[in-house]
Amino acid sequence: MCMGFGYNAAGVIACRIIDSPRERLIAIITNNFVPCNGRFPTLIALATVSIAGGMGSGQSVVAALTILAVIVLGVMITLIVSRLLSKTILQGLPSSFALELPPYSKPQLGRIIIRSLYDRTLFVLARAIIVAAPAGMITWMFANLYISDLNILQHGANLLAPFVNLLGLDGFILMAFILGLPSNEIVIPILVMSYMSSGQMVELESLQALRQLFLYITTWFTDTLFDFM
């Protein structure tokens, strides 16, 4: 769970050291209840815009307390769901866990630099080439290829709109989540790009500008939904 705060994928992979298949499965299922590092920018933006938007000088404090509440809620849900699973569909005897620490040795500077370069820099670059580049290309194609005066992104949003309207959402939100599957950090930029019809991911000047954009879209979507109903 603690590793999940850094990256949920790393937390799931770390579950392989758990000998009990039952407890390993519980740990894997509940790992996503804690927000990983990639979700914090989105959580901070939403907390600042939606919850602490009109707090004035106390905006930062309210946003920070909101994020803290989300973290505590994630930990509580993790423990509660783990308890429920262990008492219902994943019953069994609890197992012991022993972690053996290796003997301490003096760090080798050259080896640390090489391993850091290989494990961090090259891994991130490889992920960018394998995952991020194709995902960015697909997103760009969806936003810039037009069919009958509408781009593919708008066609997909219109197609999904009748289904997600029942949940109080619009088609652009679901399209952003679909296109953001390779990396959840790009969901908000895709939403901004879709609403502004810019054809490329843009960065707004401030969170206040993001708030004004979302308020405008919310008002427009609410009026459209009422007219549809």
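Trainee: What is the handedness of the crossing of α3 and α5?

Mentor: Two packed helices are described by the angle between their axes and the distance between the axes. A crossing is right-handed if the near helix is turned clockwise from the far one by less than a right angle, left-handed if anticlockwise. The crossing of α3 and α5 is right-handed. Helices here are DSSP runs (H or I, at least four residues), numbered from the N terminus. This is a predicted model: local features need pLDDT of at least 70, side-chain atom pairs pLDDT 80 or more, while totals for chains, interfaces and linings use all residues. Residues are numbered from 1 along each chain, and side-chain values use heavy atoms, without hydrogens and water.

Trainee: Which residues of α3 and α5 make the contact?

Mentor: Contact means heavy atoms within 4.5 Å. From α3 come R22, I26, I29 and T30; from α5 come T78, V81, S82, L85 and S86.

Trainee: Which residues touch the most other members of the largest nonpolar core?

Mentor: In soluble globular proteins, nonpolar side chains tend to be buried together. A nonpolar core is a set of buried Ala, Val, Leu, Ile, Met, Phe, Trp, Tyr and Cys residues joined through side-chain atoms within 4.5 Å. Buried means under 20% relative accessible area, exposed over 50%, partly exposed in between (1.4 Å probe, protein chains only). In this core of 16 residues, the answer is L153, F172 and L191. Helix α9 (187-196) is one of the contributing elements, and its seven residues are the largest share.

Trainee: Is C15 buried or exposed?

Mentor: C15 counts as buried because its relative accessibility is 6%. C2, at 63%, counts as exposed.

Methods. Helices (H or I, at least four residues) and strands (E, at least two) are DSSP runs, numbered from the N terminus.
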